[in-house]
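Hi everyone, thanks for coming. I'd like to walk you through a structure that may be new to you, so please have a look at it with me.

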Amino acid sequence: MKYSRITGTGSYLPPRRLTNADLVAELAAKGVETSDDWIVERTGIRARHFAADGVFSSDLGLAAGKKALEAAGRTAEDVDLIIVATSTPDMVFPSTACILQNKLGANGCAAFDVQAVCSGFVYALAVADSMVKTGAAKCALVVGAEIFSRILDFNDRTTCVLFGDGAGAVVLEASDTPGILSSDLHADGKHVGILCVPGHVSGGAILGDPLLKMDGQAVFKLAVGLLESAARATLAKANLTEADIDWLVPHQANIRIMQSTARKLKLSMDKVVVTVDQHGNTSAASIPLALDVGVRSGQVKPGQTLLLEGVGGGFTWGALLLIL
C-alpha cells in the first residue's frame, strides 16, 4: 500500500512585527480604544506580523515553500503538485498556486488553490494525501499563506487585533511507511454570516463590504464542539484514541478555544503547540506555521503522532492525524 508522509516543513513571517503595544498605539491614533491586557485576556495574542506593501501571499508562500523543500532535501524540479490554501489570493485569478509555481520554477506540474479559510491547510493536506495515495503525485508542496492585514477593519477592535500575516508549508511525498493516517472534513454553509468578508469585484468596483466581519461568540460556541467531534472521528478512523496523541497542532485562533479543545480531549497544554501569542491568527497559514515552529524547536520529533485541526469561515472544520 502506498502512503504519504511529510518529509520537510517550512515557514515565513514578514519582518514587520507589531506587539500589542504597537498596535494599541496605532489604533489610538485612529480613535479606537483597546489595551494589551484586553487583547491578552481574550485571545492570548501578544504580537503579530504584517506584510509590507507590494508583498503578496505568493511571496510569503514561496519563502516558506523553499524552506520546506530544503528540509526535505528536494528541489523545485522534484515537485509534481502544488496546493495553496489561502483566503487572500494575489489576484481574482489565476490561482496563487500558479503564481507561486512560476516564482519557484516548478512550471508544468498541477497547481491550484483551496479556499476553506482557517481550515484551509487541513483541507489542502487531505487533498494532497489522496492524490499521492492514488499515484497522481509523488512529491507535493502544500502551502498555507495569508495576508489578512489587508482585509481588516481597523475601526473594529474585536477583529483587527486578532489576525496576522504569514505562511507555512510542507513537502508531502509517497512513502512505503505510514504518514498521514486519517482525516475528517466538514462544512455547513448555513453559518456563512458569522465569519465572512461580504464583498466582491464587479464592473471594476467593489460591491458589498471588503472587510472581515465576525460574530466572535457564535464562532467560539461552534468551534469547540466541532473541533472535538472532528478530532474523535479522525482518531476513530485510525483506530486510535486521544491517549495516542503526542502533539495537538491546532489552528491558532484563540488560546481559549485551544485550551477548551485540549480539555475535551484530555490533553495537557504541554502537548499543544502554541504560537498564537507571537503570530496571532494567520488563518490557513497558522497550522503549518505552528508545525514548523514545533519541528525546528525540537519539540515535535520524527515518529510522533500529531493531530492537526482547524475551523474557519464557511463554516468549515476538519482534522487530520499523522505520524511525522
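I'll go through a sheet, the helices beside it, and then a few residues and strands. One thing to keep in mind is that this is a predicted model.

Let's start with the sheet. It is open, has four strands in the order E8-E15-E14-E13, and its pairing is mixed. Which strands stand at the edges? They are E8, residues 180-187, and E13, residues 247-250; each has a single partner strand, so one side of each has no neighbour in the sheet. On average, and ignoring direction, neighbouring strands here are turned by 10° against each other.

Now look at the pair E14 and E15. E14 covers residues 305-312, E15 covers residues 316-323, and eight bridges join them in the antiparallel sense. As one example, leucine 308 has leucine 320 in E15 as its bridge partner.

Two helices that pack on this sheet come next. Helix H5, residues 120-133, touches E8, E14 and E15, and its direction makes about 130° with that of E8. Helix H7, residues 216-237, also packs on the sheet and touches E8, E14 and E15, with its direction at about 35° to that of E15.

Let's stay with H7 for a moment. Within this helix we find alanine 231, which counts as buried because its relative accessibility is 0%. What does alanine 231 touch, leaving aside its neighbours within four places in sequence? Its contacts are Leu265, Leu307, Glu309 and Ala319. By contrast, take glycine 199: it is 32 residues from alanine 231 in sequence, and the two C-alpha atoms are 33 Å apart in space.

H7 also meets another helix, H8, which spans residues 255-264. Their axes come within 9 Å and cross at roughly 40°, which means that H7 is oblique to H8. The crossing is right-handed. On the H7 side, the residues involved are Phe220, Ala223, Val224, Leu227, Glu228 and Arg232, and they meet Arg256, Ile257, Ser260, Thr261 and Lys264 of H8. Sorted by class, this contact has five nonpolar, two polar and four charged residues.

H8 turns up again when we move to helix H2, residues 36-43. Buried in H2 are Trp38, Ile39, Val40 and Thr43. What do the buried residues of H2 pack against? Their partners are helix H1 (20-29), strand E3 (47-50), helix H6 (157-160), H8 and helix H9 (276-279). After H2 comes glycine 44, with a positive phi near 85°.

Is serine 286 buried or exposed? It is buried, because its relative accessible area is 1%. Apart from neighbours within four places in sequence, serine 286 is in contact with His251 and Gln252.

Last stop, strand E7, residues 165-175. Of its 11 residues, 10 are buried, so E7 is largely enclosed by the rest of the structure. Strand E1, residues 3-12, pairs with E7 in the antiparallel sense over nine bridges, and there serine 11 has glycine 168 of E7 as its bridge partner. Strand E6, residues 139-147, is also joined to E7 by nine bridges and runs antiparallel to E7.

Technical notes. Residues are numbered from 1 along each chain as its sequence is written. This is a predicted model: local features need pLDDT of at least 70, side-chain atom pairs count only at pLDDT 80 or more; totals for chains, interfaces and linings use all residues. Side-chain values use heavy atoms; hydrogens and water are left out. Two strands pair if DSSP finds at least two bridges between them. Axes are lines fitted to C-alpha atoms, for helices over the stretch in contact, and angles run from 0 to 180 degrees between N-to-C directions. Contact means heavy atoms within 4.5 Å. Angles under 35 degrees count as roughly parallel, over 145 as roughly antiparallel, 65 to 115 as roughly perpendicular and the rest as oblique. A crossing is left-handed if the near helix is turned anticlockwise from the far one by less than a right angle, and right-handed if clockwise. Ala, Val, Leu, Ile, Met, Phe, Trp, Tyr, Cys and Pro count as nonpolar, Asp, Glu, Lys and Arg as charged, and the others, Gly among them, as polar. Buried means under 20% relative accessible area, exposed over 50%, partly exposed in between (1.4 Å probe, protein chains only).
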